[in-house]
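Colleague: I have not looked at this one before. Please take me through it one question at a time.

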Amino acid sequence: MEEKKVLEELRRYRERDLKYEEGRILGSMCTKPHPISRKVLEMFLETNLGDPGLFPGTKGLEEEVIKMIGEMLHNRNPFGYIISGGTEANITALRVVKKMARERGKREVNILIPESAHFSFEKAREMMDLKYEKIPLDKRYTMDVKYLRDYIEDKGKDVDGIVAIAGSTELGTVDNIPEISKVAREYNIYIHVDGAFGGFVIPFLEERYRLEGYNYNFDFSLDNVFSITVDPHKMGLAPIPAGGILFRDISFKRYLEVEAPYLTETSQATLVGTRPGFGVAATWAIMKLLGPEGYREIVSQCMENTYYLVRRMKEYSFESVIDPVLNIVAIRDENPLDTSLKLRKMGWYLSTCRCVEALRVVMMPHITREHIDKFIEALARCKKR
Ligand code: 0PR
């Protein structure tokens, strides 16, 4: 084919995709990447962090990004990688938990995990043959810490790791990690925090939470939090793929390394071998451009829109399952699957919850008040209100 024809064909396919700026994508944790991403893609297109000796500049950027995210999470000395996404990050953390347990002579690896955990942990369980004890949720839809404590007091020696969530996929809830940290410290248990979504939100809402009297601390300032997933390609506004895994320090590296004798670096720690450098460079660029102030502004705008949606819902007697903690709204509905299919026919794409009968809107930066107004009218029409 001629190039012109190739591009024409591609355009035809691409036209079938939804576009974030049309405001119809209400159930995604991704958004339109920051505009600088295009320029970065061009510059870093061919980079491969699977062989960092060939791309020491790009590797240097990855180290700087990890340091910047570490600072955001109160850790001046972190170790980690910008990888394919939250799934790889969670799997990577549990690889460490498993290795540590094996070194202690454990055959079975027991992990306590809340019912609100993302399905990526199910993949990790399957791949690594882990044993999960599902911890029920309390009335705030967060991990029931009393249940967790009772379980550990009963079987503390058997527990190798705890997974806690900072920004749950369905409701955006944040587990009581300060309390979980106390129990974990007492029994010397590893905590992995999944802040894939919340990692780029909670740090920028600290002021608001403090005024309202909440403690949503989830980071390395808490004892026994040894790893955190935080994804630039969600609220960090980075292009896909840019997930993040951070460990407390470099001492965790040895649990991940496998020998790679013929590469420029003779070991490799990431799950994916050949991996792109452009997500790393884009994350670096966006974090430098926006700075904490820039993110704070974007996150505040998303939260204002979140509260705006809840207010508009009330006008039509739609109920929010919880007072939103992050920029996610769950709308109670007696038959969410059916409603979401009807809405899809009307051109609105949102998802549903499993833990409660509800539709779910993730209030990403591409959604404006005008979109919210149109959506509320569509929902009201759909539900005949
Ligand atoms: N941890 C949490 C808390 C998550 O919410 C997600 C993804 C992951 C881990 C896994 O991250 P990756 O998908 O980057 O591997 N949460 C979103 C979800 O399942 C992912 C998503 C994003 C789904 C955009 C749809 C979409 O359009 O809802």
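Modeller: One definition to start: buried means under 20% relative accessible area, exposed over 50%, and partly exposed in between, with a 1.4 Å probe and protein chains only. This is a predicted model, in which local features need pLDDT of at least 70, side-chain atom pairs count only at pLDDT 80 or more, and totals for chains, interfaces and linings use all residues. Residues are numbered from 1 along each chain as its sequence is written, and side-chain values use heavy atoms, with hydrogens and water left out.

Colleague: Does Asp333 count as buried or exposed?

Modeller: The relative accessibility of Asp333 is 6%.

Colleague: Which residue forms a salt bridge with Asp333?

Modeller: A salt bridge is a side-chain nitrogen of Lys or Arg within 4 Å of a carboxyl oxygen of Asp or Glu. For the pair with Asp333, the closest N and O atoms are 3.1 Å apart. The partner is Lys383.

Colleague: How many residues apart in sequence are the parts that this pair ties together?

Modeller: Helices (H or I, at least four residues) and strands (E, at least two) are DSSP runs, numbered from the N terminus. Lys383 lies in the segment after α11 (369–382), while Asp333 lies in the loop between β10 (328–332) and α10 (336–345). The pair therefore ties together parts separated in sequence by 50 residues.

Colleague: Are Asp231 and Lys234 buried or exposed?

Modeller: Asp231 and Lys234 form a salt bridge, with 2.5 Å between the closest N and O atoms. As for their accessibility, both Asp231 and Lys234 are buried.

Colleague: What is the relative accessible area of Asp17?

Modeller: Asp17 meets Arg14 in a salt bridge of 2.8 Å, N to O. Arg14 is partly exposed, at 45%. Asp17 is also partly exposed, and its relative accessible area is 38%.

Colleague: How many salt bridges does a search of the whole structure find?

Modeller: Side chains of opposite charge can pair when their charged atoms come close. Some are linked in a network, as Lys5, Glu9 and Arg12 are. The search of the whole structure gives a total of 27.

Colleague: In which strand is Thr229 found?

Modeller: Thr229 is buried, with a relative accessible area of 0%. Contact means heavy atoms within 4.5 Å. Leaving aside neighbours within four places in sequence, Thr229 has contacts including Gly86, His192, Asp194 and Ile245. The strand that holds Thr229 is β6, residues 225–229.

Colleague: With which residues is Lys67 in contact, leaving aside its neighbours within four places in sequence?

Modeller: Lys67 lies in helix α3, residues 56–72, and is partly exposed at 42% relative accessible area. Its C-alpha is 6.3 Å from that of Pro78, eleven residues away in sequence. With those neighbours left aside, the contacts of Lys67 are Arg76 and Pro78.

Colleague: What is the radius of gyration of the chain?

Modeller: The radius of gyration is taken over C-alpha atoms, and the globule rule is 2.2 Å times the number of residues to the power 0.38. For 385 residues, a compact globule would have a value near 21 Å. The chain agrees with that, at 21 Å.

Colleague: What percentage of the residues in the chain is buried?

Modeller: The chain has eleven helices and twelve strands, and its C-alpha atoms fill a box of roughly 65 × 60 × 40 Å along the principal axes. Of its 385 residues, the buried ones make up 56%.
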